[in-house]
Structures are given as structure tokens and as C-alpha cells.
Amino acid sequence: MKIYIETYGCTTNQADSDLIRGILSEKYEIVDTDASADIVVVNTCGVIGYTERKIIRRIAELKNSGKRVISTGCLARISRKRMLEISDAIVSPDNIHVIDRAVEDVISGKKAEILEVSNTDKSELCRFKRRLNENAIAIVSISEGCLGSCSYCATKIARGRLRSFSPDSIAREIEMALKSGFREIQLTSQDTGAYGMDRGTNLAELLKKISGLKGDFRVRVGMMNPQHAKLILDELIDAYSSEKVYKFLHIPVQSGDNRILEDMRRGHTVEDYEEVISEFRGNFDDVVISTDIIVGFPTETEESFWRSYELIKRTKPDIVNITRFSPRKGTPASKLRDIPDWIKKERSRKLTELTREIGLENNIKFIGKTERVLVTKEGKNGTLLSRTDSYRPVILDSGKIGEFKKVKIVEAKFNYLYGHPLSEN
């Protein structure tokens with residue numbers, strides 16, 4: 001029986017697919033294309049409506065070509081009824097450790113539905129993980145679920161309450177990844193800042209444990225919400241002082257208007273966001289700040305939008321992930337009157353123009369500087385992608401994936417730098 005795995009969405013889904021690949025490879029042949037597969041496992045994403053529609057079309061296409069389809073990931077719970085209609089089996093994200101059970105049912109002609117709530121610690125299953133070895137990056141999940149109750153978010157429906165994984169198991173998985181040659185460890189969860197709050201520890205303590213592991217490697221910390229980062233701010237900055245931790249902070253603010261943040265039920269203020277990034281910038285020479293903004297939330301007025309615009313203009317984050325509000329069934333915000341798409345599109349356009357200006361302004365300062373970078377993966381047109389100690393992307397024409405190189409920055413774009421390798425002598 002040949003199985004193909006197709007993954008959509010975030011790094012958490014990518015980490016889940018590594019686990020699925022390993023579990024299924026114990027009994028079945030994993031293939032590289034859907035054309036040669038008997039069964040296709042689609043690891044779905046349910047963040048926005050557009051992605052859901054795209055995935056539904058893809059599943060229909062696979063079914064029409066004669067494939068049997070197992071749908072896992074967030075849509076298995078968010079859109080259970082629809083997924084069950086179009087798939088041969090559905091498996092929730094917290095049950096991927098028994099996905100082989102779904103495959104067995106599908107082979108025998110049964111329609112499997114595995115959605116019972118599970119508190120499985122995925123880090124303890126690291127021995128099953130089978131990464132693709134396409135680059136120097138290993139994605140490591142540190143928790144599942146969150147402590148939030150955002151009014152627009154359907155991921156909570158899929159992933160549930162916070163369940164932090166064992167620090168020892170996480171460290172063990174990272175050690176295994178390092179022994180396999182990976183050099184960039186990406187910590188992922190729905191909110192890394194909340195890690196450990198359900199088990200008497202925190203993210204800073206985990207980072208210190210990881211930094212104590214042997215080897216020359218880098219750790220990229222995934223998204224953390226402002227209120228949780230603020231709770232452990234001093235400890236967090238101390239943990240980030242390790243040379244092994246990228247000075248990279250993904251801290252989503254979502255709106256520059258506190259009234260909108262209340263409507264979103266975000267649990268933080270604009271001031272919380274500004275305090276965290278101010279403290280990080282005050283403690284490190286270079287910090288890459290990434291944030292998220294939702295434009296067109298139902299209660300967002302023109303004035304509210306411009307507050308978001310001014311916040312970005314004032315704080316100058318290096319990366320801004322802009323999402324147009326998409327009502328998700330089952331969430332409180334879906335019951336509100338939506339804003340016309342043309343308004344969302346125009347607000348998104350204005351904010352995008354600003355972020356490109358800021359990105360170039362931030363990056364141009366590095367021209368002429370020398371940086372030590374980690375080469376992490378292949379880029380476009382025969383180039384290589386590398387990262388500075390603050391996670392700034394640097395494009396190189398030569399190098400070897402997994403090696404550290406000294407480079408001189410010779411060019412800057414709004415979203416990356418271009419570097420020339422220097423002699424290590």
C-alpha cells in the first residue's frame with residue numbers, strides 16, 4: 001500500500017506530518033507524488049476560509065482521480081461534517097499517533113472518524129519522526145492548544161486547551177535532530193509564550209535547557225502572544241542571551257486599537273506589545289521583530305485601521321503578516337456583520353506598502369556589514385538561504401547547507417539581504 005502525505009498551513013502541521021510519515025512508514029510505503037499513491041493523507045489548515053475552500057477542491061480532485069483520502073489537521077474538527085462527506089477518514093490533530101488505525105479502516109472499506117480528545121505528548125513520540133532531510137531545519141513541537149479565547153479563531157476548536165510537552169522529551173528530540181545533521185531548530189506551537197504554564201515551568205526555562213545541549217546550532221522561537229511574553233519578560237531576555245537562540249521575536253499584535261483588541265478577545269493591549277519589543281530592542285543590538293495584523297475585523301472602523309497603520313509606522317517591525325478577516329464558523333466573530341471585501345483589500349494594500357518601506361529601511365542599514373550566517377536551505381535560481389544571528393535572511397550564491405559562514409552584506413531588499421562569502425581566515 002502506497003501513501004502520499006500532503007501538508008498545508010503552519011510549522012505545527014509540518015511537524016505533525018513528520019510524525020505521520022514516520023508512523024505510517026513502519027507499515028506502508030511512503031511515496032513522493034500523489035500520482036503513485038493508493039491513499040493520500042491531507043494534513044489540513046483551517047485558519048481562513050480561502051485555505052479551507054482550496055483544500056476542499058484539492059480533496060475533490062484527489063477523489064475524482066480515484067484516490068482514497070484521509071483528512072487530518074485542523075479541518076477535521078473545524079469542518080467535521082464537510083470533511084467526513086468528502087474524505088474516506090478524518091483524524092483530529094491530537095490523534096495522529098493512531099493514524100495507522102485510520103489507514104487500516106480505509107483499506108478494509110470502513111469510514112474512520114477518530115476525533116476523541118487525546119492528551120498525547122507528541123514529543124515523547126519523537127523516535128517515530130521521519131523528516132525529509134531537504135534542508136538544515138528541524139521543526140519541534142513544544143505544546144498543543146492555547147490559553148486564549150480569540151473571538152475570530154477556529155484553531156482553538158481544532159487544538160483545544162494548552163498541553164505543554166515534556167521538557168526532557170523536547171530536549172531528547174532536539175538531540176536526535178542534531179545528531180542527524182540538522183542545525184536550525186524551529187520551536188513551534190499555537191503560542192510558545194504560554195509554554196509550561198500548565199506544568200509549572202515556562203518558555204525561558206525550556207530555552208535555557210535547550211541552549212545547554214552540545215553542538216553549534218540555532219533555535220528559532222515561534223509565535224508568542226504579548227501577554228505571555230510580558231509575564232516572563234526578564235527571564236525571556238536572559239534566555240535569548242544565548243548565542244544559540246536567534247534574536248527573533250514573532251509577537252502578533254493583530255490591531256493597533258485597544259477597543260478592537262477587546263472585541264477580538266486577545267487578552268493584551270497595544271502597550272503590552274510595545275513594551276515587549278522595546279525591552280528586546282534595548283537588550284540586543286539587532287532583533288528581528290515579526291508581527292501579525294488582521295485588517296477588516298467586523299468592528300474595525302477607518303479610525304481603528306489607521307491606528308494599526310500608525311502602530312506599524314511607529315514600531316517598525318521587520319515582518320508584518322497581514323491577513324484580511326475571514327469569518328470562521330463556530331467563532332463569536334462570525335456572528336458579526338462583515339466588512340465589504342473591497343475595504344479589506346484597500347486597507348491591506350496600504351499596510352503592505354508601508355511594511356515594504358519599513359522593511360527596506362531596516363535592511364539597508366546592514367549593507368557593508370560582516371555577519372556570521374547559518375546556511376539553512378536552497379533558495380531560488382540556484383542560490384542558498386542563510387540566516388544571521390537575528391534571523392535576517394541572507395541570500396548567497398555559494399555555500400553548503402548546514403554550515404556557518406562569514407559574509408559581507410552587499411545589497412538589501414525589503415524582505416532579504418544579499419551577501420558575499422568571506423574567507424574564514
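Biologist: What makes S12 and strand S13 (residues 288-295) a pair?

Modeller: This is a predicted model, and 3 bridges join S12 to S13. Pairing needs at least two bridges, so the two strands count as a pair. They run parallel. His250 stands opposite Ser290 in S13.

Biologist: Which sheet does that pair belong to, and in what order do its strands lie?

Modeller: An open sheet of 3 strands, ordered S12-S13-S14, with parallel pairing.

Biologist: Why are strand S12 (248-250) and strand S14 (319-324) called edge strands?

Modeller: Each of them pairs on one side only. From one strand to the next, the twist averages 15°.

Biologist: Which helix packs on this sheet, and which strands does it touch?

Modeller: Helix H14 (residues 341-363) touches S13 and S14. Its direction makes about 175° with that of S14.

Biologist: How do you know how helix H12 (residues 270-283) and helix H13 (residues 302-315) are oriented to each other?

Modeller: From the angle between them, about 10°, with the axes 12 Å apart. Angles under 35 degrees count as roughly parallel, and H12 and H13 are therefore roughly parallel to each other.

Biologist: Which residues make that contact?

Modeller: H12 gives Val270, Tyr273, Glu274, Ile277 and Arg281. H13 gives Leu311, Arg314 and Thr315. By class, the contact has 4 nonpolar, 1 polar and 3 charged residues.

Biologist: What is the strand order in the sheet of 6 strands?

Modeller: S2-S1-S3-S4-S5-S6, open, with parallel pairing. Strand S2 (29-30) and strand S6 (112-114) are the edges, each pairing on one side only.

Biologist: What makes S1 and S2 count as paired?

Modeller: 2 bridges join them. The requirement is at least two, so S1 and S2 qualify. Lys2 stands opposite Glu29 in S2.

Biologist: How many bridges link S1 and S3?

Modeller: 5 bridges, in the parallel sense. Here Ile5 stands opposite Val41 in S3.

Biologist: What joins strand S5 (residues 89-91) to S6?

Modeller: 3 bridges, again in the parallel sense. Ile90 stands opposite Glu113 in S6.

Biologist: Where does helix H2 (residues 49-64) lie, and how does it run relative to S3?

Modeller: H2 lies across strand S1 (2-7), strand S3 (39-44) and strand S4 (68-73). It runs at about 175° to S3.

Biologist: What does the UniProt record say about the "MTTase N-terminal" domain?

Modeller: The unreviewed entry places that feature at residues 1-108. In the model, this span is 47% helix and 21% strand, and its end C-alpha atoms lie 12 Å apart.

Biologist: Which residues does the "Radical SAM core" annotation cover?

Modeller: Residues 132-361, again from an unreviewed UniProt entry. The span is 42% helix and 15% strand, with its end C-alpha atoms 36 Å apart.

Biologist: And which residues does the "TRAM" annotation cover?

Modeller: UniProt, in an unreviewed entry, gives 364-423. The span is 0% helix and 52% strand. Its end C-alpha atoms lie 23 Å apart.

Biologist: What are the bounds in the domain assignment?

Modeller: Domain 1 is 2-114, domain 2 is 147-365 and domain 3 is 369-421.

Biologist: How do you know that domain 2 and domain 3 touch?

Modeller: Their contact takes 21 residues from domain 2 and 18 residues from domain 3. Contact means heavy atoms within 4.5 Å, so the two domains do touch. Their C-alpha centres lie 24 Å apart.

Definitions and conventions
Residues are numbered from 1 along each chain as its sequence is written. This is a predicted model: local features need pLDDT of at least 70, side-chain atom pairs count only at pLDDT 80 or more; totals for chains, interfaces and linings use all residues. Side-chain values use heavy atoms; hydrogens and water are left out. UniProt positions are given in the numbering used here, feature names are shortened, and annotations may be inferred rather than shown by experiment. Helices (H or I, at least four residues) and strands (E, at least two) are DSSP runs, numbered from the N terminus. Axes are lines fitted to C-alpha atoms, for helices over the stretch in contact, and angles run from 0 to 180 degrees between N-to-C directions. Angles under 35 degrees count as roughly parallel, over 145 as roughly antiparallel, 65 to 115 as roughly perpendicular and the rest as oblique. Ala, Val, Leu, Ile, Met, Phe, Trp, Tyr, Cys and Pro count as nonpolar, Asp, Glu, Lys and Arg as charged, and the others, Gly among them, as polar. Domain bounds come from an automatic or database domain assignment.
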